[in-house]
Amino acid sequence: MPGIHDWLKKASSDLMASKKLIDDEKTLDCSVFHTHQCAEKSLKAFIVFTHKPIPKTHDLKFLLELCIGTDAEFALLKE
C-alpha cells in the first residue's frame, strides 16, 4: 500500500499536469481530471496519515467526510 509521501508525490504530479493543460480549451477536460486526481490523492494521503484504511473510491465528498471525521478543519474545504 502506498505511503503518505507516495500519495503526495502522485498528487503533485497531477497538479503539475493540470496546470499545464488548463490554458488550452482542447485539454480543459484533462486539466479538470488531473485536478480531481490531485484532490483525491491528497485526501488519501491524510487518511494514510491517520492510519485508517483507504476506501476504493473516487468520491471526493466521501473522502472529505472521512477526513473531517478526524480533523474538523477539513470542513473548510467543503465550499
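A salt bridge here is a side-chain nitrogen of Lys or Arg within 4 Å of a carboxyl oxygen of Asp or Glu. The model is predicted, so local features need pLDDT of at least 70 and side-chain atom pairs count only at pLDDT 80 or more, while totals for chains, interfaces and linings use all residues. Residues are numbered from 1 along each chain as its sequence is written, and side-chain values use heavy atoms, with hydrogens and water left out.

**View 1. Asp14 and Lys41 join in a salt bridge.** Their closest N and O atoms are 2.6 Å apart. Asp14 belongs to helix H1 and Lys41 to helix H2, so the pair ties together parts that are 27 residues apart in sequence. Helices (H or I, at least four residues) are DSSP runs, numbered from the N terminus. Both partners are worth a look for their burial: Asp14 is buried, with a relative accessible area of 7%, and Lys41 is buried too, at 14%. Buried means under 20% relative accessible area, exposed over 50% and partly exposed in between, using a 1.4 Å probe and protein chains only.

View 2. Lys44 is buried at a relative accessible area of 6%, and Glu40 is buried at 3%.

**View 3. Lys78 reaches Glu65 in a salt bridge.** The closest N and O atoms lie 2.9 Å apart. This pair links distant parts of the chain, with Lys78 in the segment after H3 and Glu65 in helix H3, 13 residues apart. Glu65 counts as partly exposed, at 39% relative accessibility. If you are keeping a tally, the count of salt bridges comes to 3.

**View 4. Helix H2 covers residues 28-49.** Its 22 residues reach 32 Å from first C-alpha to last, close to the 32 Å expected at 1.5 Å a residue; the expected span is 1.5 Å times one less than the number of residues. Among its buried residues are Cys38, Leu43, Phe46 and Ile47. Their cover includes helix H1 (4-21) and helix H3 (60-70), where contact means heavy atoms within 4.5 Å. After H2 comes His51, with a positive phi near 65°.

**View 5. Lys19 is an exposed residue of helix H1.** Its relative accessibility is 56%. The C-alpha atoms of Lys19 and Thr35 are separated by 8.6 Å, with the two residues 16 apart along the chain.

Conventions:
Helices (H or I, at least four residues) and strands (E, at least two) are DSSP runs, numbered from the N terminus.
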